[in-house]
Amino acid sequence: MPSSAPHDVPRPEYPRPQMVRQDWLTLNGPWQFEIDAGDSGLERGLRERELSGAITVPFAPESELSGLGHTDFMEAVWYRRTVTIPAAWAGRRTLLHFGAVDHDATVWVNGIEVARHRGGFSPFTADLSAVARPGEDATIVVRARDPRHGPQARGKQSTRYQNYECLYTRTTGIWQTVWLEPVPDVHLRRPRITPDVATSSFTVVVPLSGNRPGGSVRVTVSDGDGVVATATARADADLAPSVRLELPADRVRLWEPGDGFLYDVRIELLDAGGAVADAVDSYAGLRSIAIDGKRVLINGRPVFQRLVLDQGYYPDGLMTAPTDAALLRDIELSVAAGFNGARLHQKVFEERFLYHADRLGYLVWGEFGDWGASTGHEQQPTASFVTQWLEVLERDVSHPSIIGWCPLNETHQAIHDHVTELDDVTRGMFLATKLADPTRPVIDASGYSHRVPETDIYDSHNYEQEPTAFAGQLSGLGKDEPFVNGGPERPISVPYRGQPYFVSEYGGIWWNPELAGTEQDADRGSSWGYGQRVRSEEEFHIRFAGLTETLLDDPDMFGYCYTQLTDVFQEENGVYRFDRTTKLDVERVRAVQSRPAASERSS
């Protein structure tokens, strides 16, 4: 991948690994910064003047790595930086990209508004062509509003001053890479690459910013031995030309769990004379996902999904990994403990995490950070939940590691005789997902309030800690009477209809070896977890084995998701500590998960 970042710039790696251009410029590093406690900065002239402080981007001001560590509420924050657009980019448009800004962002360049964006988890872009040309200075000013009250997709961010239970330190403002890249007037937009194992082919849809007479697109698929297939299509007849590339039988290699084989994909936009006007490098994995009764098949065979809940928090960076290596390390730690994938929970992960998952054959469920819709007895997710989720789908749809989508989590509103905002948004997000990507299964809402009868997957969350009781609660799946969150007196889900089923959160075994046997052992303020804390590591392993074997032994269960990979602040139920050091005998955890599941044996 190209590199334009000095070694001392934080997070210098290319941020969009599935659509790589050679020319780019990272804007990570020092920016001017100022907290706007009353959101009055526009009236007070913060857009025009120098700011009073400094921050290290892309780390949020609440984090240590930002240089601030300011954890009180901030209604709004301001950023300012002047950058010279490289003169070598002359003749091309300059795009300004933001990986993620929490929550409502307005961007001005040289005093002119160039972008507005709502949502803390999805990317957005501004075209600077009308306000700054190559060789000129661009003064970038960003205001991020992050109100404390009202419905908003917050994920696990606490709305109290302190962290509590399973809610954590907030993230405000810029928390993913900011960068510039030049593109021609007519250029490639993010491609969509869809594998088809049945025909050993890829379909590549290539959206364009516009069309020129005589233009074409050329797509080349390669492996380590060279070119595998090439296809071209006219680029003057359709805003999104499509090509299909069939792979010769002797060059077919599947993307498998634990073996993330990737083909290189080169996409070129050619002018009428055949010259390359724009080009990006991408990659693709050839794999399929299917549903056969209660089984979820990957490449035609059942693969029991031994997932772990991964919340993607770091002690020093909060939602931003301190380094790219830290993203990779989390996957390696998960695999070392016997997991083959993860639910990426209540956060849209940096795209670089998905790149590493793609390379390693690590299974993930793409999820949205939807918590924050509760305003009392009713849940009121707004229209922006749908718009943000569509941006996430556009970014991530071509990643082979994603084997399912989960737009909502633990919605808990009772189903009654009126259509509510939650009904509309749940169905809207489900339908949007199926329309954007019909190739993967979708859970309408994980765990609690299943409100879409045709949801592809049905699941539950069950934190019963006693293995025998846990087994009893889950014993009805074979009779199509699975454990369902809620109760018959106040149903929160539509009835189960025989879909593939898994327990997508269980365990959460509360264990802090330093507190065992101390007076603080029962102090739920400084330490939190599910159920009764185990008294020893041995008790942890016995409980973990009992719960996990119950799920492995059910022939109608296609997987599980254990809570969780690491401790996160006060929530101390991770396989590893918050700093990723070891607190358990990981080999024993791995051994429990290593034997074939009943659903795999029955195939």
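I began with the meaning of pairing: two strands pair if DSSP finds at least two bridges between them. Strands (E, at least two residues) and helices (H or I, at least four) are DSSP runs, numbered from the N terminus.

Before looking further I noted that this is a predicted model, in which local features need pLDDT of at least 70 and side-chain atom pairs count only at pLDDT 80 or more, while totals for chains, interfaces and linings use all residues. Residues are numbered from 1 along each chain as its sequence is written, and side-chain values use heavy atoms, with hydrogens and water left out.

**Entry 1: strands**

I looked up β5 and β12 and found that they run antiparallel and are joined by six bridges, with Leu96 standing opposite Leu180 in β12. Both belong to an open sheet of four strands, in the order β1-β12-β5-β9, with antiparallel pairing. Its edge strands are β1 (25–26) and β9, each of which pairs on one side only.

I then turned to β18 (residues 263–270) and β19 (residues 276–284), an antiparallel pair with eight bridges. Asp264 has Tyr283 in β19 as its bridge partner. The two strands form a hairpin with five residues between them, and Gly274 in the turn has a positive phi of about 90°.

**Entry 2: helix α7**

Which residues of α7 (residues 586–593) are buried? I found Val586, Val589, Val592 and Gln593, where buried means under 20% relative accessible area, with a 1.4 Å probe and protein chains only. Seen down the axis of α7, these buried residues fall within an arc of 120°, so they line one face of the helix; the arc is that of the directions from the helix axis to the C-beta atoms. Among the elements that cover them are β23 (305–310), α1 (324–336), α6 (537–552) and β29 (557–563), and contact here means heavy atoms within 4.5 Å.

**Entry 3: pockets**

On a 1 Å grid over the protein atoms alone, a cavity is a set of points where a 1.4 Å probe fits but cannot get out, a pocket is an open set with protein on both sides within 12 Å along at least five of seven lines, and lining residues have an atom within 4 Å of a point. Grid points are joined across faces, edges and corners, and a volume is the space filled by probe spheres set on the points.

The largest pocket has a volume of about 950 Å³. It is lined by 38 residues, of which Arg16, His97, Pro123, Thr125 and Arg190 lie nearest its centre. The lining divides into 16 nonpolar, seven polar and 15 charged residues, where Ala, Val, Leu, Ile, Met, Phe, Trp, Tyr, Cys and Pro count as nonpolar, Asp, Glu, Lys and Arg as charged, and the others, Gly among them, as polar.

**Entry 4: cavities**

How many cavities of 30 Å³ or more does a search of the whole structure find? I counted four. The largest cavity holds about 110 Å³ of space, and Phe73, Asp146, Pro147, Arg154 and Arg170 are the closest to its centre of the 14 residues that line it.

Note on methods:
Buried < 20%, exposed > 50% of the residue type's maximum accessible area, 1.4 Å probe, protein only.
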